[in-house]
Structure formats: structure tokens, C-alpha cells
Amino acid sequence: MRGLGAFARFEVVRLLGSWKFLAITVGFPVIFYMLFLRNESAGSIVDGAVPWRVYLMVSMCSFGALVAALNAGGSRLSTERASGWARQLRVTPIPAWSYVTTKVAASMLVVLPVVVLVELVGMAFGGVHLAALSWFELTGLLWVTALPFAILGIFVGFMVNADTAYPVVTALMFVLGYFGGLFNPVSHMPHVLQTTARFLPSFHQTSIGLALLDGRGFGIEDALVLVAYAAVLGGAIGWKHRIEEARGIA
Amino acid sequence: MSAMIGPSKTCRTMTTVHSDTVPDAGGSSLCSDAVDREPALRFDGVVRRYGDRVALDHLTLHVARGETVALLGPNGAGKSTTISLFLGLLRHDAGSVQVLGMSPRQAVADGRVGAMLQTGSGSGLPPGVRVATALQMVRQLYRRPASFDLTVERAGIGSLLSRPTHRLSGGQAQRVRFALAIAGDPELVFLDEPTAAMDVESRRSFWRMMRQFGREGRTIVFATHHMQEADEIADRVVVINHGQVVANGPGATLKAAVAVRQLRFVTGHPDEDLLDRLEGVTDVVVRGTGVALNSLDADATIRALVHSGVAFRDLEVTGAGLEDAFVALTGGDRTPDGGGTT
């Protein structure tokens, strides 16, 4: 276990030291949030329960978490795997599994400030007013439920090379963002898209946050879908890892 | 650790023997006492397959503590596979692999082993940090790392510490990778084609560093396909081909084993006994009027041949530099095998 703290800190320092990563991770959710705030439907009620501006803040938190997590993994990861650095770590005392878990942990650590940042924008410009406890609960819930995104980012970095990872990450950001109802409530979308949204983790992450705020409480179905995503993607990474290990390239 | 400086170091003197001198049996046994000690590395009858292809074919190899051993062989011979197995990056299909008396993974987990692996086109370094940050982090992965300053000095990277890892030349990156490999103060270091990306000057200074590190009693195993590197740096050269050890001994011994030159000529009535008595000749092969003599001293043999009055024509002398020794040992075949990933 020794050194894992140092490794995790190192990973976070590298992420936060990357201007490109910071620009994308901070820029996308904040700029999108500001743009969507000018939408004419601001002030309306979403799904008969949540004010639109609350929906927007929660969905932009999801989007921020998604962008941060995908970019923390993605092409950064495939680049460093290709560079031989990942393999070099295998001949240090840290256990083999810790590479992936530390990566996921580091992604999660950079997701938290992004969620908080979007909430601050919501407080300052988005007209969102919540009780202190609700802010606290919402932040924690959105952070924890970003785990499938963090694993997805690592998954992309494991599965494709750096050149491919970049467009894949961009595509995932917008596909999961749009079809998951982060840019426009799912209830405002055509029926078929309302159905497909239910299969996407982004929809359920926003949904679990909204459920907390509109009094529905804890969204069990949302949680199950998110756990399933985390498990399947995590399993796929483990499978790829084992194959590479058998071939001696991990 | 310094108590481990082994008698194997005396093997170094062997490599200064000229190729025209026959090393006596006593010379090559200088190393035997080192080999008798408890080995740092033990490879017994190891088999490793990649699908149908046999990469290591019952390979047996022991390395004594404090020894510097070169694994020499063409691409695809099994050098990298051997190193990967010693590091626990690969599992073997049969036989046994022990590192410092334990399993390779245990030795790595205990931080007693360091390695510079092949990185292909990549730098092998973490992107987006300064050299000092990377080194500091890697040190913290070990229970008993060498001090930061000592590692910097050993690897000669003092001037590179504030550089980002992606702004290094090939040779500089290699030095930084060496620093990371020895950051944990390992007893045992593996280097897989460490000088692949280096120019001549970087190579030279790299091996200077390496030798110094070896003198501190470390066991060093490196793979190379540069005969000269193997010969100059290692106490012992293990030539691997087709996953088997084809030769094993101090560089000079190997060289001598094949420093035999071959004289071919044509003569009317070859007298085998006469030819066999010529100075330096070790072997005579006669086929019709064609004669092939193996000689340990081609010059002396030619002189003797002229004096003997044998009428010969079409004299041809072939062999046997290190390159030829290598070619002779490996059957002259350099398998084009995807750039040495095995």
C-alpha cells in the first residue's frame, strides 16, 4: 500500500498542472451553463416538480463531472500507456491493480471541485437557492455518482490509442450530454429519445440529483443503473488488463 | 550492500585478452567461484510460449550477486522475454524462475529490483511533470529509497531536474529513466536495450554510470544486440538465440571460442598430417583439392604454409571478429521479429 498516496497526489498534480485539461474541464460546463441560462424556458417548471434553473444547475454539474472525468482518462491515459510509463510503474513496488484504481481516484478528486464550481455559478448567476444541508447532500451525491464517468474515462484510455481517444471522448461528452438530457430536459425531447435516455448514465446521474431536490428522495433505479455502468466498465478494464498482463505488455 | 562486491569482478580482466591469444582454461575459471555463490537470479529450464511460438526453450541461466551480465542475441532471440519473466511481467509456462531467492513479483513488490524497459517510440516517462517531481514520486513508492541527491548524482541528471519530462532528448530521457530505475536503491537492475536511443557519446557516459553502479555491488543484467557493448561492460556474456543459451562466458572467452579464423585454399594433393601440424591450426577439413583450415593464429599459419612449400592458390581468410563470433554462435540468423519485443 506504501506509496499509493504519493502516486495519487502525483496524478492529481499532473492533471491540475495541465492547462489544456483545466481549460476544457472548467470552460465547457461554465460556458455551457452561462449560455443555457439565457434560454427562454428559464423560470419554467421541469417535469412538474423542479424549477428549470435548478434542473439546469444539476445537469451542468453532471456535465462538468462528465467532462472532467472523461478528459482525466481518455487520451491522456492512452498516451501515457503507449509511452511505456504505465509499464514502468509495474516494476515498482506498487501492486498491479493500483494503477487503475489510482487513476479512477484521481479522476474523482478532480471531479469534486468542478461540481462545486458549477454550484457556485448556480448560486451566483443561476438563481438557485437551496438550504445549506441540501447543498451539502447534493454535492456529495453528484460527486459519488460521477464514479461511472471516472471509470468510463479510464475505460476509453485503456481501449483505444491516443489519436482515437480524443474524438471518442469528445463524442461521448456530447452524446451523453445531449441524449442524457443534460442540455435540455428529457421530458422536452421526442418520445423515442426519452426511452433511450433511460439507458444512459448521464441521465441517471442528473436524475438522482433532481430526485434529491424535488422530494422524491433517493433514486434507487438511478443508483442501480449507475452501479451497473460502473461494474460493467470496471469489469471490462479488468478484462483488458488481464489480457495485457498475460502478454506481458501491461 | 558494498560487501557484495564479488570476485566475479576479476572476470573483467578477461576481456582485455586479444583475440589472437588463446585464453587458458584457468583464465575462464576465474568466474567460477562467483557462479558457485547463491545466485541473485535463477532460471531453470524455463519455457515460455506465445501461442504456438516458443520464445524460451528450456532456458537455464544463473546470475551471481554482484555480477554484470549481458544478454546478447538478435531481435526475437528471447532477451526481452527473459527480462520480463525475471520482473514478473510475464509468467512462464514451465521451469522455475527465482529472483533473490523469491518469486519475481515478490522481489519487485519488496522494492529490491529496478528496471529500464524497452519503450518503443515512447519516452517511458510520465508526461506533464518535471523530472524532479517524477523522481520524487517514484522514490516514495519504495520502502528504502536511495536519497534523492544520490540518485540524481548516480544518473547524472542534476541539470535536468527542472525540465518537463516531454522536453528531453532521447539520451536525456534515457538517463532519467535510469534514475527512476535505481530510485529505490535496488540490489538488482535489469536494462532492456538501454542505449537503443542514444548517440555514441551518450552511450559512453551511460555505461560509465552503469559501471560505477555495478562497482557498488549491484547485480546488473542488460540485454543488447551490440556485441561491443556486451563485451566491454559485462563480466559475462550470455548469448541467446531461439530461446536457448548458445554460449555463456566472459566476453573474451566467447570471442576466443570463435576467434578461430578459417583459411580456405586449393592445392593439388592435400597432406592432412602436414597441414594439421602447421602453426595455429586446430582443425583440417579436406574436400577433394579444397582445404579448410581453422586457425587460432591466421598470420602464423599462413607463414608456416608458405614455408612448408605446399603449392596453394585462391587463399581466402574468413572470420572472426566479435561480430563473426556472434554470427557463428547464433547460426548467423537474425530473425526479423518485429523489433525485439520478445
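How many residues of chain A are in contact with chain B, and how many of chain B with chain A? In this predicted model, 22 residues of chain A are in contact with 28 residues of chain B.

## The chain A side of the interface

Three helices of chain A each supply at least two residues of the side that touches chain B: H1 (4-16), H4 (74-83) and H5 (85-90). By class, this side of chain A comprises eight nonpolar, nine polar and five charged residues.

## Nonpolar cores

The largest nonpolar core has 147 residues. The members that touch the most other members are A:Ala65, A:Ala69, A:Val111, A:Ala150, B:Ala70, B:Ala179 and B:Val238. Helix H3 (residues 52-72) of chain A gives the most to this core, contributing 15 residues.

Another core, of ten residues, lies apart from the largest one; among its residues are B:Phe265, B:Leu278, B:Ala298 and B:Ile302.

## Packing of helices H8 and H12 in chain A

Helix H8 (residues 147-159) and helix H12 (residues 220-247) of chain A have axes that come within 9 Å and cross at roughly 25°. The angle is under 35 degrees, and H8(A) and H12(A) are therefore roughly parallel to each other. The crossing in which H8(A) passes H12(A) is left-handed.

On the H8(A) side, the residues that meet H12(A) are A:Leu147, A:Pro148, A:Ile151, A:Leu152, A:Ile154, A:Phe155, A:Phe158 and A:Met159. Their counterparts in H12(A) are A:Leu226, A:Tyr229, A:Ala230, A:Leu233, A:Gly234, A:Ala236, A:Ile237 and A:Lys240. By class, the residues of this contact divide into 14 nonpolar, one polar and one charged.

## The surroundings of A:Ala197

A:Ala197 lies in helix H10 (residues 191-197) of chain A. A:Ala197 counts as buried because it has 22 C-beta neighbours inside 10 Å, where 20 or more are required.

Apart from its neighbours within four places in sequence, A:Ala197 is in contact with A:Phe179, A:Gly180, A:Gly181, A:Val186 and A:Phe203. A:Gly180 is 17 residues from A:Ala197 along the chain, and the C-alpha atoms of the two are separated by 5.0 Å.

## Chain B as a whole

Chain B contains 13 helices and 13 strands. Of its 342 residues, 48% count as buried. Among the contacts in chain B with a separation of 6 or more, 72% are between residues 24 or more positions apart.

Definitions and conventions
Residues are numbered from 1 along each chain as its sequence is written. Chains are lettered from A and ligands numbered from 1 in the order in which they are written. This is a predicted model: local features need pLDDT of at least 70, side-chain atom pairs count only at pLDDT 80 or more; totals for chains, interfaces and linings use all residues. Two residues are in contact if their C-beta atoms, placed from the backbone, lie within 7 Å. Helices (H or I, at least four residues) and strands (E, at least two) are DSSP runs, numbered from the N terminus. Ala, Val, Leu, Ile, Met, Phe, Trp, Tyr, Cys and Pro count as nonpolar, Asp, Glu, Lys and Arg as charged, and the others, Gly among them, as polar. A nonpolar core is a set of buried Ala, Val, Leu, Ile, Met, Phe, Trp, Tyr and Cys residues joined through C-beta atoms within 7 Å. A residue is buried if 20 or more other C-beta atoms lie within 10 Å of its own, exposed if 12 or fewer, and partly exposed in between; C-beta atoms are placed from the backbone. Axes are lines fitted to C-alpha atoms, for helices over the stretch in contact, and angles run from 0 to 180 degrees between N-to-C directions. Angles under 35 degrees count as roughly parallel, over 145 as roughly antiparallel, 65 to 115 as roughly perpendicular and the rest as oblique. A crossing is left-handed if the near helix is turned anticlockwise from the far one by less than a right angle, and right-handed if clockwise.
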